[in-house]
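Biologist: I have a chain here that I would like to go through with you. Can you put it up, and we take it piece by piece?

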Amino acid sequence: MSEDTRSIELTRLAENHYRATAPSGASIEFGRGEGLMTPVELLLAAVAGCSSIDVDTVTSRHTEPTRFDVSAVADKIDEDGASRVDNVHLDFDLAFPDDEEGRKADSRIEKLVGLSHDKYCTVSRTVEQETKVDFSIRRD
């Protein structure tokens, strides 16, 4: 592992119900069942959230948006019984006040979304690369 690692701790709360907790103490519950986001939905939320933060950070320096909604969709692919998602698409639905600062923020959207995709969003860049995932198992 590098010196600049990211981590979470995951705890099973019940069958198919988990809590992921970051070192900061922030946590989110997920799994399979009523009222829970699935891991794939969390992945889509992470991609959308990462790019949203990139765009929001810059545009909010000028003005607050009047609308900032992002949807993420992907195709679930089954390859000989092994599933994954492909063709992840983000749709940014943004609006800013009709004044000088709002127009300035709006004029930067395409460039900001492009920079997020190409350079700044760690999540989407990771998904697009072949990323090594390995496992270890501990028993008492």
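Modeller: One term before we start: a salt bridge here is a side-chain nitrogen of Lys or Arg within 4 Å of a carboxyl oxygen of Asp or Glu. This is a predicted model, in which local features need pLDDT of at least 70 and side-chain atom pairs count only at pLDDT 80 or more, while totals for chains, interfaces and linings use all residues. Residues are numbered from 1 along each chain as its sequence is written, and side-chain values use heavy atoms, with hydrogens and water left out.

Biologist: Fine. How many salt bridges does the count come to?

Modeller: Seven, by that rule. One of them joins the side chains of Glu29 and Arg19, at 3.3 Å from N to O. That pair links distant parts of the chain: Glu29 is in strand β3 and Arg19 in strand β2, 10 residues apart. Strands (E, at least two residues) and helices (H or I, at least four) are DSSP runs, numbered from the N terminus.

Biologist: How many bridges join β1 to β2?

Modeller: Five, and β2 covers residues 17-21. Two strands pair if DSSP finds at least two bridges between them. Leu10 stands opposite Ala20 in β2. β2 and β3 also pair over five bridges, in the antiparallel sense, and there His17 has Gly31 in β3 as its bridge partner.

Biologist: What sits between β2 and β3?

Modeller: Five residues, and the two strands form a hairpin. Gly25 in the turn has a positive phi of about 100 degrees.

Biologist: How many aromatic pairs are there?

Modeller: One. Rings of Phe, Tyr and Trp (its six-membered ring) pair if their centres lie within 6.5 Å; planes under 30 degrees apart count as stacked, over 60 as edge-to-face, and the rest as tilted. Tyr18 and Phe30 have ring centres 5.9 Å apart and planes at 35 degrees, so the pair is tilted. Tyr18 lies in β2 and Phe30 in β3, 12 residues apart. Tyr18 is partly exposed at 24%, whereas Phe30 is buried at 10%.

Biologist: What about Glu9, is that buried or exposed?

Modeller: Exposed, because its relative accessibility is 58%. Glu9 is in strand β1. Leaving aside neighbours within four places in sequence, Glu9 is in contact (heavy atoms within 4.5 Å) with Arg19, Ala20 and Thr21.

Biologist: Change of topic. Which residues make up the largest nonpolar core?

Modeller: There are 10: Val47, Ala48, Val55, Leu90, Phe92, Leu94, Phe96, Ala105, Ile109 and Leu112. The elements giving two or more residues are α1 (39-59), β5 (82-95) and α3 (109-120). A nonpolar core is a set of buried Ala, Val, Leu, Ile, Met, Phe, Trp, Tyr and Cys residues joined through side-chain atoms within 4.5 Å.

Biologist: What does Val47 contact?

Modeller: Neighbours within four places aside, its contacts are Val88, Leu90, Cys121, Val123, Ser124 and Val127. Ser124 is in helix α4 (residues 122-128) and counts as buried at 8%. With residues up to four places away left out, Ser124 touches Val47, Ser116 and His117.

Methods:
Buried means under 20% relative accessible area, exposed over 50%, partly exposed in between (1.4 Å probe, protein chains only).
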